[in-house]
Every structure is written in structure tokens, then in C-alpha cells.
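Hi,

Here is the structure I promised to pass on.

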Amino acid sequence: MTHTIIIETHNHNDFALLKGLAQRLGLSTKEVHKEISCLSEAEELKLLESVAGSWQGDETGNELAAKIRADRNDSPRDIEL
């Protein structure tokens, strides 16, 4: 008699854990992977356009890069591990 369990997960780590357990128990496994998108292509494009864009500011690219470098805290820290 063959028994079948179907487990659906969106988490890759959960999937790997369950598959690994089945393999350790010597059970046969069959995989089916499906891409699930809740948004239409038009909705995905609209969302991308709403978050993607260019930087707007008074500084030039070189001035902004220099400011970022100057504001870094690269000094060694005396931390005991």
C-alpha cells in the first residue's frame, strides 16, 4: 500500500528541510515547482515604476560619493570577542 502526502510551501528552507527528512528516511520523493504571482504583469510593471527611479538632489554624483566616503566609520574598534 502506498501513502501520499502533499505539502505546499512558499519557503525554500522549509522545502529543503522536509525533502531532506524524506531522503534520510529512505522515502521516494517527487517535486513539482510552480511560480505563483498574485499580480498581473501590468500590476507588476506599475509597482516597479513606482519604486524605481533616479536620484534627485543638489549634489553631483561625485559630490555624493565623496560625502558617503567621508561619512563612513572605518576606524578599527577595540572589541573583545
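Below is what turned up, starting with the overall picture.

Keep in mind that this is a predicted model, where local features need pLDDT of at least 70, side-chain atom pairs count only at pLDDT 80 or more, and totals for chains, interfaces and linings use all residues. Residues are numbered from 1 along each chain as its sequence is written, and side-chain values use heavy atoms, with hydrogens and water left out.

The protein has 3 helices and 0 strands (DSSP runs: H or I of at least four residues for helices, E of at least two for strands, numbered from the N terminus). Its radius of gyration is 25 Å, well over the 12 Å that the globule rule gives for 81 residues, so the protein is more spread out than a compact globule. That radius is taken over C-alpha atoms, and the rule is 2.2 Å times the number of residues to the power 0.38. The C-alpha atoms fill a box of roughly 70 × 50 × 15 Å along the principal axes. Buried residues (under 20% relative accessible area, 1.4 Å probe, protein chains only) make up 1% of the 81.

Now for helix α1. Its 13 residues (12-24) should span 18 Å at 1.5 Å a residue, and the end C-alpha atoms are 18 Å apart, which agrees; the expected span is 1.5 Å times one less than the number of residues. At its start, a side-chain oxygen of Asn-11 comes within 2.7 Å of the backbone nitrogen of Asn-13. Just after α1, Gly-26 has a positive phi of about 80°.

Cheers

How values were computed:
A polar contact is a pair of N or O atoms within 3.5 Å; within protein, one must be able to donate a hydrogen and the other to accept it, and residues adjacent in sequence count only if both atoms are side-chain atoms. Buried means under 20% relative accessible area, exposed over 50%, partly exposed in between (1.4 Å probe, protein chains only).
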